[in-house]
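This note is intended for a colleague who is meeting the structure for the first time. Please read the points below with the sequence and the model at hand.

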Amino acid sequence: MEHKIDLEAIGSPQADAMAHAISTCVHCGFCLPACPTYQVLGEEMDSPRGRIVLMRGVLEQNLPLEEATPYLDRCLGCLGCETACPSGVAYGELLSSFRAHTQDKRKRPIADQMAHMMASQTLPFPNRFRWAALLGRLAKPIAGIFPTPIRAMLGLVPSRLPDSARLPVFTPAKGVRRGQVGLLAGCVQQVLAPDINLATVRVLSENGFDVHVPVGQGCCGALSMHTGDAKMARRLAAVNLDLFPPNLDAIITNAAGCGSGVKEYALLFRGDPLEAKAAHLANRVQDVSQFLDSIEMISLKPLEKTLRVAYHDACHLAHAQGITSAPRRLLRQIPGLELCEIPDGEICCGSAGTYNIEQPQIANTLGTSKAKHIASLGVDVVAMGNIGCMVQIRNHLAKLKPDKVAIPVLHTVQLLDRAYRNE
Amino acid sequence: MNSLVAPDTKVNERICELQELVRTSRKLHIVGSKSKDGFHHSSDGATTISTPSLSGVVSYDPLEFVVTLLGGTRVLEVVELLEKHGQYLPFDPLLVDRGATIGGTVASNAAGPGRFRFGGIRDFLLGIRFIDGRGNCIRGGGQVVKNAAGFDYPKLMVGSRGTLGLLYEMTFKVFPKPESYATIVATFSKLDEAVASMNKLASSPLDIEAIELIPIEMGSRGYELAIRIGGIASALMNRLNRLQKFVPVSMLLQDHDDWRYWRAATNLEWARDKGSLVKLPITPNAIAAMDKQCSKLLIDRRYSVGGNVAWIATVWNDQWSQQLGDAQTFLGPLPIEDNGYPRELGPFGRAIKYALDPESKFI
Amino acid sequence: MLSPFIAKLSEIYPDARLLTHDAGLVSYESDGLTAFREKPIAVVLPESADEVIRTVRCCFDSHVPFVARGNGTSLSGGSLPVKNGIVISMNRMNRILRLDPVQRLAVVEPGVINLNVTKAAASHGLLYAPDPSSQSVCTIGGNIAFNSGGAHCLKYGMTSNHVLGLKIVLPNGTVDTLGGESLESIHPDYVGMFVGSEGLFGIALEITLRLIPKPEVYRTVMCAYRSLKAAGDAVSKIIASGLLPGAMEIMDNLSIQAAEAAVHPGYPLDAAGLLIVELEGEASQVDEEFKRLHGLIEASNPYFFKEAKDAFERQQIWKGRKSAFSAVGRLSPDFIVQDGVVPRGRLGEALEEIQRLSKQHGIRVANVFHAGDGNLHPLILYDGKQKGALHHAELLAAEIIELCIRFGGSITGEHGVGMEKRTYLPKMYQPSDMESMFQVRRAIDPTNIANPGKMLMDGDAPALTTSGMHPLEKAGVISRE
């Protein structure tokens, strides 16, 4: 697509990348059906193609930023469009760069700002988040008095937090030792569902790997990166760059959002003294499903009775990292497990990092529709590889049939763990 | 005053004469070989133009699977010509042995049972030339199998009964003809069973050329389904065996028997000497009610094209013509004094008639 | 301050569905052909047929032109906004109103996506046959307007061959019903006339589509040749043999490269011409056909031959082919897609001529085409940022179009005339043919508000006055309700 962007006037280190992405788009519209917001809102400005036109307008200085902002804010960043795009437009890079470029120039309503701040200042910090969640629980009964975005946040606060669990710094391999890996423990997940990390450690150890969980880890910065706060993202990410021993076979993540974020470190640190280090870490990171799929897994015990499982593709796993078949192959290795595909599976569940906080209505519509699709399958369990999706889907499955026990939502690795432990 | 104009000079000159005739006439009525006499209402004061003199193959390239014909060409000639090259018009033009012309076939939309598989005349007509109500020669469509340029006049002319212009040249897409055919006739005691079987077959992945539903002795002795398949000879037996699992077979027709059966069907022989023959576009769901009515009144009928066309053979009476509504008499006397065009037209049809024939010359 | 016209629209639409702000308007300024841009004065997002009818009446009363748009994928600029006009965006009217598996038909709203009809039909073992490459995005309404084709037209025809009935609103706001549910009709084929009229006859509100049984088996092969001509010759041989494949496609090296990069269907990257042939139908028949096809292909001496071994591989082959246009975005920032048709016997000749023209102009041309139909899709690559590049590309495009006319073909097989090829329509037809089309257009749209400027050049068709009774109104041809 033709553009008249003056690269020098933009003056951003990512200006080239943005202009290139725009010129690669041929405006064919193949991204429209893959875009959750276009599905929900049905207007061109809320589609990837439309957003590219809007960003072009702003960068060409033909369109005021305030005009474009509401539509760009509504983008989930799920990158379903990248998977659908035949021309290879690097939409994710364009959007992150554009958000970073315009971060300081934009004006947001106070309530949005507060919600954004509350999310960005608490989610990445496990201790703060734990406290915030407890406070949130107290505020739940009076949620009605808060503006919508904050109300939405409160809606997501779990009514009961699991006990905090400490991860062992080192867990030795069981049986024959095949190697050693590190684990990126994450932030939100460690508060909301510590069992995922524990299960990951157990499954890796079961398969003959020593597992290192270095102390001092912080948030990987992905949440900040995806909402355009590049400075914050770099600050957070820098903490982790030196923590992992050099001789590991891989650094494992089990949260798709983190995995995709870390894999983008090179772009995040472009031109920064830490660029090389960041790129090195990015190259060592693997999603737990990707890693387990690449080794020969120790065989799993057959289930007592058939278990019907739906696998949900987390956007940051499927679209951002291109990982779709590995988790399915792993689950199929559990004898007696029947895998089901979710209708419209490539569409985002509406979680998308902090999206369910910042765009609660759209997130709700998407969550409900995802829950309905899952419920239509009559499965026993729904599995996925991302904590954000798990919270969102669990919430919406519960809302769908409040009087019934909702379909359990598990991380892929939790299912594997249970199969090893014969639970 | 009725006059018959059948010019016999060379084609171009003849077309010029016809243009002049259109310009100078007040009312015009176009006829081909009159094989479908039901179309020919009394046309008092109208000039009758007869097209058979404007006949012949303009071009035919078998490798291109495209044939261009003058309007008055007999369909039989075309069928025989195509057959020499293993090709055919898959929509089974009607009344071939009664002298039907290609122009009349298009104007009356006279497609037969074979229309079921690959489509009707509308689906095979690529291009046309016609003289409009101003006496201008107009070309629509093209000579290639795919064309999306300009308005689709070829389709518009299908079923236009000569009311939108004088069609004088037509280009068709043709298909390779299946090298062998076979037909199964299945008998049912009840109509609903026959209809259900017909629908089941039509929705199945079996490649079927034609399905006709025929009441036996006006339904008093049950109903039969005639199902035709065609294709490569070595695969046909296999396919027949498979087809037999769908329906109770009472008769198997092959080779010449198959040919004769369908030739008779496309010539509408069953309807001969039964008064008028009326065509009604329907859908399968309409058959039950219609058949009940016909059965009560002892009217012969057939359901063609997988239940998409009802043919009703009857001696007309007023009661009938009112009940039938959207129907076209193909053969025999008309139900009531029929002044042809314009019948009741919607706004779209009115606008098109006005554009192509502003003085309503073609009736 | 709202203009009186916008104020009238706001009586029909809530704010959220009447776009008049900049961000809304610029988003709709182009469709799939970005060489043209035009900002509408408003965009409306109707959710019911009634809203569309009221909008059209509003436009008729105020002499404001309109264009209906689905998902904006037209490659001929067909849904480009009209100057000082509005866009009626139909994509929210996307319901399948009825699907009757027994009578094999579907009644749909115009905004429904083509592939969604196929998906809905699939659960009944049925298929909606027309499959434009953009089938995952394009809407049935747009398919109707442009009589869209696709790879599988060879056996079952284009969109027009699969539309049974239409409810339409004419440019003056009158509603009419054309056709019905039966395969046959006893009236002039108005449905056929409406389909492909590029929005000049009004807007389809409700569409009855014909569904066909899903073929029992598909056998899909790819064969690669060292020259494009060899691939073209193989097609001629297959057609001449009397086989009737469901689809026959050829891609040249540039488009193979692009599609492979986008989708990874496993195309041989060094091929000069890749031929895709698909047989479909009943298993035993297709097996016999396959033997013959195999013999013909062997005789054509490809250096690579592969049959899709399962549904996934077949899907990948098609995904690659159908992504080709957009994938070419990887090779060039801008391109013009051509859509000419030549007689199938002259395919090889036409391809060589296009290659010659490409060399002569020094412009890269990628080629993807429906070989079985003789429908070419040369993609003329250029960089819009370079001065004069578009103009130069257009010159080459013109030569290719003229070549198609000279060969006795057509300027467009399936994309329609739209904005892009409107200057060429008079080269394909005689002045009297063109005049007839104008007459029809004027009779249906006397005030010239339904997508004016597309297909027929506006200058030749002065808008008729609307003050007082229109002559057509007096004649009872049109009416205002």
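Which residue is the bridge partner of B:Val57 in β5(B)? The reply is in point 3.

1. Basis of the note. The model is predicted; local features need pLDDT of at least 70 and side-chain atom pairs count only at pLDDT 80 or more, while totals for chains, interfaces and linings use all residues. Residues are numbered from 1 along each chain as its sequence is written, and chains are lettered from A and ligands numbered from 1 in the order in which they are written.

2. The sheet of chain B. An open sheet in chain B consists of five strands, in the order β4-β5-β9-β7-β8, with antiparallel pairing. Strands (E, at least two residues) and helices (H or I, at least four) are DSSP runs numbered from the N terminus, and two strands pair if DSSP finds at least two bridges between them. The edges are held by β4 (57-61) and β8 (137-141) of chain B; each has a single partner strand, so one side of each lacks a neighbour in the sheet. From one strand to the next, the twist averages 10 degrees.

3. The pair β4(B) and β5(B). β4(B) is joined by four bridges to β5 (residues 66-70) of chain B, and the two run antiparallel. Within β5(B), B:Leu69 is the bridge partner of B:Val57, and B:Thr68 is that of B:Ser59. The hairpin of these strands has four residues between them, and B:Phe65 takes a positive phi near 60 degrees there.

4. Two helices of chain B. The axes of α6 (residues 191-203) and α9 (residues 287-296) of chain B come within 11 Å and cross at roughly 145 degrees. Such axes are lines fitted to C-alpha atoms over the stretch in contact, with angles from 0 to 180 degrees between N-to-C directions. B:Leu191, B:Asp192 and B:Val195 of α6(B) meet B:Ile287, B:Ala288 and B:Asp291 of α9(B); residues are in contact if their C-beta atoms, placed from the backbone, lie within 7 Å.

5. Chains C and A. The contact takes 32 residues from chain C and 27 residues from chain A. On the side of chain C that touches chain A, α2 (22-27), α9 (253-263) and α11 (311-327) of chain C each supply at least two residues. The largest share of that side, five residues, comes from α2(C).

Technical notes: Contact = placed C-beta atoms within 7 Å.
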